[in-house]
Amino acid sequence: MTRATVYLLFLLSGATALVYEVAWTRRLVLLLGGTTIAVSLILAAWMTGLALGAKLFGRIADRARRPLLLYGVLEAAIAGLALVFPFLLDAANVVAVGIGGRAAGFALCFLVLLIPTTLMGGTLPILARFVVRSLDGLGGRIGLLYGLNTVGAVAGTFLSGFVLIEAVGVFGSTRLAAAVNGLVAFAAILISRRGEAAPAEEPAETAPGPGPAGIALAAAFAAGFLSLASEVLWTRMLTFFLEGFTWAFSAMLTTFLAGLAIGALVSGRLVNRIHRLRGYIGVLFLLSALVSAGVLAAMSGNYEITRWAKTTAFAVSESWRTQYAVSVFLVSFLMLFPPALVMGGIFPAVVRMATGRLGEVGARVGLVYAVNTIGAVAGSLAAGFVLVPVFGMAWGAGVAAF
């Protein structure tokens, strides 16, 4: 029962993180005076903070005797920072104006964003240390943690974009998310005070060694790189098929995150039964390439899929809003869900391959997550600044699949 509650708390934590991301982006647009700059800044700070937090708190988690208490403290700190965040941004902007320079404003806002995102990055390795009690259950529990947190991200993206900001505004959305973080923190600390026991150390198993561990980290980087590069490329291509960028982008992001989440949940159940993890990871990369190539072939000059989706949507409802929403989600699901599903299975497999003993679970999960996040940043930049400008959208997607 305790572990199930912890999984629920992490799902809620994933939802609040995406509410913050959407709300803070809106706030930065007003301060910095440009949507592109604000989005770039918050994504860079977000990814950097997650990577730093995962690496830093991963090592701390392995030494913590009460990891759930530490998780509760982090969630409480995130809630507190979220409440004062608008004032911190205003103060950073005033200081930047005082010392004279737009660049100073960017730098200060980046540093302000880095604090809560670093705390967010530490939550996965800390909870991994709590829920993993043996290496036999490592893959399934890491897959479940990662998957549920991503499901929460899907919910947070949808709620913030379509419900909360319109209903209660940017500040109201932030305060509501902070309240949820506060409840998560209270529940985690309460469970810990009732008798949290640190995971018992197991006899050391055969460690993966420098070779497989290095391969695992390379695979983690490649998975992050290709996931984000592919997402950028597919999103650019799908906007040509779907009219109305805002709804189309939200549907595509929701579908992609859902595919990653379900892939992690399914793969996490499998990896503990597989003895040749390197081969399994290789097969997942190969399947990802084949499915991506299939998506590319289906999209290239083929409008039959969108016609079918619109025909199906017309049969569902007479409301044009419902028809459009159904058609957008159908096309997004057909195009993005299959490759995202395969890619989502890589993370728990890589974590299992990189971890040789129970006492290093936090550090290894943190390291793999950090490297995966850095790969995602590199993939996003490569798609936007190299693949599309040099090869174009279709050939760029082909290069990524290759």
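In this predicted model, E360 is buried, with a relative accessible area of 15%. Its side chain meets that of R364 in a salt bridge, with 3.7 Å from N to O, and R364, at 23% relative accessibility, counts as partly exposed.

## The chain as a whole

The protein chain contains 13 helices and zero strands, so that, read from the N terminus, every entry in the run of elements α-α-α-α-α-α-α-α-α-α-α-α-α is a helix. Of its 402 residues, 51% count as buried. Among the contacts between residues at least 6 apart in sequence, 85% join residues at least 24 apart.

How confident is the predictor in the protein chain, as judged by its mean pLDDT? The mean pLDDT is 83, and 85% of the residues reach 70 or more. Among the elements, helix α5 has the highest mean pLDDT, at 93, while helix α10 (residues 304–316) has the lowest, at 69. Over residues 200–211 the pLDDT is below 50, although this stretch has 19 contacts in the model beyond near neighbours in sequence. Where pLDDT is low, the predicted coordinates should not be read in detail.

## A bent helix and the nonpolar cores

Helix α6 covers residues 138–193, and a straight helix of its 56 residues would span 82 Å at 1.5 Å a residue, yet the end C-alpha atoms of α6 are separated by only 25 Å. Where does α6 bend? The bend is at G169, and it amounts to about 110 degrees.

The largest nonpolar core has 85 residues, and the members that touch the most others are Y20, W24 and Y71. Helix α6 gives the most to this core, with 13 residues. When residues up to four places away in sequence are not counted, Y71 touches L9, F10, S13, T123, I126, L127, V184 and A188. A second, separate core has 20 residues, among them W234, F256, L296 and A340.

Helix α5 is mostly covered, since nine of its nine residues are buried under the cut-off of 20% relative accessible area.

## Salt bridges

Side chains of opposite charge can pair when their charged atoms come close. How many salt bridges does the structure hold? There are three, and the table sets them side by side.

| Pair | Distance between N and O |
|---|---|
| R27 and D90 | 2.5 Å |
| D62 and R129 | 4.0 Å |
| R364 and E360 | 3.7 Å |

In the pair of R27 and D90, the closest N and O atoms are 2.5 Å apart. Because R27 lies in helix α1 (residues 2–32) and D90 in helix α3 (residues 67–99), this pair ties together parts that are 63 residues apart in sequence. R27 is buried, with a relative accessible area of 18%, whereas D90 counts as partly exposed at 30% relative accessibility.

The side chains of D62 and R129 also meet in a salt bridge. D62 lies in helix α2 (residues 35–63) and R129 in helix α5 (residues 123–131), so this pair ties together parts that are 67 residues apart in sequence. Both D62 and R129 are buried.

## Two local neighbourhoods

Y280 has its place in helix α9 (residues 277–299). Is Y280 buried or exposed? At 15% relative accessibility, Y280 counts as buried. Leaving aside neighbours within four places in sequence, Y280 is in contact with S267, L270, V271, I274 and A349. The C-alpha atoms of Y280 and L270, which are 10 residues apart along the chain, are separated by 10.0 Å.

A104 has its place in helix α4 (residues 102–121). Its contacts, again leaving aside neighbours within four places in sequence, are with A96 and I99. The C-alpha atoms of A104 and A92, which lie 12 residues apart along the chain, are separated by 8.9 Å.

Notes: Residues numbered from 1 in each chain as written. Predicted model: local features only at pLDDT ≥ 70, side-chain atom pairs only at ≥ 80, totals over all residues. Heavy atoms only, no water. Helix = DSSP H or I, 4+ residues; strand = E, 2+ residues; numbered from the N terminus. Expected span 1.5 Å × (residues − 1). Bend = angle between axes of the 7 residues up to and from the residue. Buried < 20%, exposed > 50% of the residue type's maximum accessible area, 1.4 Å probe, protein only. Core = buried A, V, L, I, M, F, W, Y, C linked by side-chain atoms within 4.5 Å. Contact = heavy atoms within 4.5 Å. pLDDT = per-residue confidence, 0-100.
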